[in-house]
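This report walks through a single chain, from its overall build to a handful of individual residues. Please keep the sequence and the coordinates at hand while reading.

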Amino acid sequence: MCSPEHFAVEYAINPWMDVTTPVDRDLAVKQWDRLRETLVGLGHDVHLLTPEPGLPDMVYAANGAFMVDGSVYGARFKHEQRAAEAAAHHAFYEAQGWRFIAPSETNEGEGDFAYVPEAHGGLILAGHGFRTEVPAHAEAQEALGRPVVSLRLIDPRFYHLDVALAAIDDSNVVYFPGAFSAASQRVLTQLFPDAVLADDEDAMAFGLNLVSDGANVVLNSEATRLAGKLKAAGYHPVPVELGELKKGGGSVKCCIAELRH
Ligand code: ARG
C-alpha cells in the first residue's frame with residue numbers, strides 16, 4: 001500500500017475524476033489508514049511504498065505490478081501522468097528479492113489482472129478495452145506461466161478489471177456482467193458457473209473493488225447491497241469508508257497490491 005499523502009485530482013483520466021471537485025487529503029489519509037489497520041487487524045502483513053510528490057495517483061498501488069507465485073510482472077502505465085509510478089514499484093519488488101519481469105506492453109498491473117489460484121489449476125483473468133492492451137495478456141502469460149483469459153471491458157465507468165470483477169476465494173469470483181462484452185460474459189459464465197453476480201448499483205458503489213482472503217471480504221462501505229449478497233453466499237463482509245479516494249476513481253482493491261509469494 002502507498003499512503004495518499006500526495007493524493008489529488010489534478011487531471012482526469014477516468015470518468016470518476018473531476019478536477020473541479022475539492023479533495024480533502026487529510027481525510028483521504030485517515031480513511032486509507034483505517035483500511036490499512038483493517039487488513040492488519042485481519043492478520044495480514046502490509047508493506048508500504050513511499051509516496052512521491054507529483055504522483056497524485058500513487059495511492060492506487062494495485063496498478064504497479066501483478067504478482068503470482070513469487071514472480072512479478074511489472075506495469076507500464078497507459079497515461080503519461082502515472083508512468084513514473086512503475087519505477088517505484090519495480091524498486092520495491094527488486095528490494096524484496098522477488099523475480100521481476102519488466103513489461104514491454106502497456107498494462108496496469110492488478111488494475112487489469114486478477115488471479116484465481118484454484119480455478120482450473122490457476123487462472124489469470126485479464127481486462128482490456130481501456131488501459132491494459134491485449135498483447136500484455138500474452139506477455140503476462142509468458143512471464144508468469146499461467147493461462148490468461150482475456151476479457152473485454154465495454155463501459156468506461158469500469159475502466160479497469162478490478163472495478164468490475166474480484167476473486168472472493170481461491171476458486172470463485174464476483175463480477176458485474178454489464179461491464180463486459182457479451183462474449184466475455186459467456187466466457188465468465190462458462191468458467192465460473194457459481195460466481196456471485198453484482199448489479200449496476202453494486203458496481204457504481206465501487207463494491208467490486210474489493211479484496212478477500214477467502215473468508216473476510218473488505219469492501220467499500222457504500223456497497224451495502226453487495227455486502228448482503230456476499231454474506232448470503234457465506235462470506236464475512238468488512239465495510240471500509242473510502243469516499244475521498246473514490247474521487248480519483250478507486251476504492252479498496254485499487255489501494256492494495258497483493259503479494260502472492
Ligand atoms: N486515478 C487512477 C487512474 O485513473 C485510479 C486508479 C484506480 N486503480 C485501480 N486499480 N482501479 O488510473
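Predicted model: local features only at pLDDT ≥ 70, side-chain atom pairs only at ≥ 80, totals over all residues.

## Contacts and the surroundings of Lys253

Two residues are taken to be in contact when heavy atoms of theirs lie within 4.5 Å. On that basis, and leaving out residues up to four places away in sequence, Lys253 touches Ala62, Glu110, Asp162, Asn209, Leu210, Val211 and Glu258.

Lys253 is found in the segment after helix 7, which spans residues 243–246. Is Lys253 buried or exposed? Its relative accessibility is 6%, and because buried means under 20% relative accessible area, Lys253 counts as buried.

## Overall build

The chain contains 7 helices and 12 strands, and its C-alpha atoms fill a box of roughly 45 × 40 × 35 Å when the box is taken along the principal axes. For 261 residues, a compact globule would have a radius of gyration near 18 Å, and the 17 Å of the chain agrees with that expectation. Of the 261 residues, 57% are buried. Where contacts join residues at least 6 apart in sequence, 69% of them link residues at least 24 apart.

The chain exposes about 10500 Å², of which carbon and sulfur atoms supply 49%.

In soluble globular proteins, nonpolar side chains tend to be buried together. The largest nonpolar core of this chain has 41 residues, and the residues with the most contacts inside it are Leu125, Leu165, Val174, Phe180, Phe192 and Leu230. Both strands and helices give two or more residues to this core: the strands are strand 4 (113–116), strand 5 (123–128), strand 6 (148–152), strand 7 (165–167), strand 8 (173–175) and strand 11 (216–220), while the helices are helix 4 (182–191) and helix 6 (224–232). Apart from this core lies another one of 22 residues, including Val9, Ile13, Tyr60 and Val240.

Which residues surround Leu165, once its neighbours within four places in sequence are left aside? Leu165 is then in contact with Ala114, Leu125, Leu151, Val173, Val174, Tyr175, Phe180, Leu188 and Leu208. Among these partners, Leu125, Val174 and Phe180 are also listed with the residues that have the most contacts inside the largest core.

Ala86 is buried, with a relative accessible area of 18%, whereas Ala87, at 53% relative accessibility, counts as exposed. Leaving out residues up to four places away in sequence, Ala86 touches Ala75 and Phe77; the C-alpha atoms of Ala86 and Ala65, which are 21 residues apart in sequence, are 7.8 Å apart in space. For Ala87, the C-alpha separation from His160, 73 residues apart along the chain, is 21 Å.

Lys229 has its place in helix 6, and with a relative accessible area of 26% this lysine is partly exposed. Beyond its neighbours within four places in sequence, Lys229 is in contact with Val196, Leu197, Ala198, Asp199 and Asp202. Lys229 and Val174 are 55 residues apart in sequence, and their C-alpha atoms are 10 Å apart.

## Residues in loops

Two residues other than glycine have a positive phi: for Asp69 the value is near 50°, and for Phe206 it is near 60°. Asp69 is found in the loop between strand 1 (65–68) and strand 2 (71–74), where its relative accessible area of 46% makes it partly exposed. Phe206 lies in the loop between helix 5 (200–204) and strand 10 (211–212), yet Phe206 is buried, with a relative accessible area of 1%.

Gly214 is found in the loop between strand 10 and strand 11, and it is partly exposed, with a relative accessible area of 34%. Its contacts, leaving aside neighbours within four places in sequence, are with Ile168, Asp169 and Tyr235. The C-alpha atoms of Gly214 and His236, 22 residues apart along the chain, are separated by 9.1 Å.

Note on methods. Residues numbered from 1 in each chain as written. Heavy atoms only, no water. Helix = DSSP H or I, 4+ residues; strand = E, 2+ residues; numbered from the N terminus. Rg over C-alpha atoms; globule rule 2.2 N^0.38 Å. Buried < 20%, exposed > 50% of the residue type's maximum accessible area, 1.4 Å probe, protein only. Areas by Shrake-Rupley, 256 points an atom, 1.4 Å probe, with all protein chains shown as cover. Core = buried A, V, L, I, M, F, W, Y, C linked by side-chain atoms within 4.5 Å.
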